[in-house]
Amino acid sequence: MSISVRIPPVLRTQTGGAKLVSVDGASLGAVLTALTAAHPDLREQIFEADGTLRRWVNVYVDGADVRHLAGLETPTQDGIEVVILPAMAGGAPSLFRLR
Amino acid sequence: MRAYARAEAPREACGIIIGSAPAASGGVPLRWIPTTNVLASSTLYEIDSAQLLRISIDADDAGEFIWGIVHSHVASPAVPSITDTSVAGYPDALYLLVSLSPSQTAPGGEPGIRAWWIVDRSATEVRLHLQR
């Protein structure tokens with residue numbers, strides 16, 4: 001099963017300039033694990049140290065934010081497209097701090 | 001950007017500037033796209049993920065780039081917070097902050113705007129020359 005992962009310009013230095021990377025995997029977690037095995041510099045952009053999906057990365061399966069699907073458990077099929085984008089977020093100085 | 005920041009207050013406003021190349025590569029800013037702050041907060045922002053996807057893909061397909069990332073601070077200076085620097089994921093884009101704080105007004109009474117590189121959680125200010 002070949003899944004196409006689209007890499008945004010800001011992350012292409014971590015994929016040797018590649019805009020599309022094809023990897024295998026029956027779930028989003030398997031796809032992202034295969035992607036980061038092939039391109040280890042992407043790992044800290046995508047995963048927390050404990051292997052969960054990083055809070056400040058947006059991952060989409062066929063245009064849907066996986067936070068609204070099943071996260072890393074989201075099933076993947078031939079022909080789908082995965083997109084990874086660093087989130088755009090932050091805020092003012094506050095007692096409440098984002099991780 | 002200033003008008004949008006005012007209109008969105010007391011929530012933080014946010015948006016994206018598309019350019020001919022990333023700001024760090026000398027790109028020229030082409031257009032400003034206001035976006036929704038899904039956190040709808042006075043101290044936090046996150047650009048709506050569906051808008052971010054559409055804007056990013058459209059730009060990439062057109063050979064354009066994320067040039068700048070804009071957000072407002074409604075009561076604090078136009079200086080990146082620890083939250084801003086810890087979350088920032090676009091080291092080749094300028095982070096533009098619009099402050100609505102009265103202490104931060106630009107000449108003419110407009111909200112102050114300052115621009116920053118945020119690389120490896122460290123912010124460095126860039127001098128802006130704003131043209132109307």
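Select A:R12 and B:D60 and show their side chains: they meet in a salt bridge, 2.6 Å from N to O. (A salt bridge here is a side-chain nitrogen of Lys or Arg within 4 Å of a carboxyl oxygen of Asp or Glu.) A:R12 sits in the loop between β1 (3-6) and β2 (20-23) of chain A while B:D60 belongs to helix α2 of chain B, so this pair joins two chains. Are these two residues buried or exposed? Both A:R12 and B:D60 are buried. (Buried means under 20% relative accessible area, exposed over 50%, and partly exposed in between, with a 1.4 Å probe and protein chains only.)

Before you click on, a word on what you have open. This is a predicted model, where local features need pLDDT of at least 70 and side-chain atom pairs count only at pLDDT 80 or more, while totals for chains, interfaces and linings use all residues. Residues are numbered from 1 along each chain as its sequence is written, chains are lettered from A and ligands numbered from 1 in the order in which they are written, and side-chain values use heavy atoms, with hydrogens and water left out.

Together with A:R12 and B:D60 they are linked in a network of salt bridges.

**Next stop: B:E46**

Select B:E46 and A:R55. Their side chains form a salt bridge at 2.8 Å, N to O. (Helices, H or I with at least four residues, and strands, E with at least two, are DSSP runs numbered from the N terminus.) A:R67 is partly exposed, at 36% relative accessible area, whereas B:E46 is buried, at 3%.

Keep B:E46 on screen and pick A:A89, which stands opposite B:E46. Show the strands around them as well: β6 (residues 89-91) of chain A pairs with β3(B) in the antiparallel sense over 3 bridges. (Two strands pair if DSSP finds at least two bridges between them.)

**Zoom out to the interface**

Colour by chain. How many residues of chain B are in contact with chain A? There are 30 of them, touching 28 residues of chain A; contact means heavy atoms within 4.5 Å. The two chains bury about 2,600 Å² between them, 59% of it on carbon and sulfur atoms. (Buried area is the accessible area, with a 1.4 Å probe, that two parts lose on being put together, summed over both.) There are 6 salt bridges between chain B and chain A, and the count over all chains is 10.

To see what chain B brings, highlight β3 (44-46), α2 (49-61), β4 (65-73) and α3 (82-87) of chain B, the elements that give two or more residues to the side touching chain A. α2(B) supplies the largest share, 7 residues.

**Inside chain B**

Select B:R31 and B:E64, whose side chains meet in a salt bridge at 2.6 Å, N to O. This pair links distant parts of the chain: B:R31 is in strand β2 (residues 29-35), B:E64 is in the loop between α2 and β4, and they are 33 residues apart. B:R31 is partly exposed at 39% relative accessible area, but B:E64 is buried at 17%.

Then move to strands β6 (residues 112-119) and β7 (residues 122-126) of chain B, which run antiparallel and are joined by 5 bridges. Within this pairing, B:W117 stands opposite B:T124. The two strands form a hairpin with 2 residues between them, and B:D120 in the turn has a positive phi of about 50°.

**Last stop: the sheet of chain A**

Strands of a sheet pair through backbone hydrogen bonds, either parallel or antiparallel. Show the strands of chain A: 5 of them form an open sheet in the order β2-β1-β5-β3-β4, with mixed pairing. β2 and β4 of chain A stand at the edges with a single partner strand each, so one side of each has no neighbour in the sheet. Where β1(A) meets β5(A), the strands run parallel, joined by 3 bridges. Pick A:R6 again here: it stands opposite A:V83 in β5(A).
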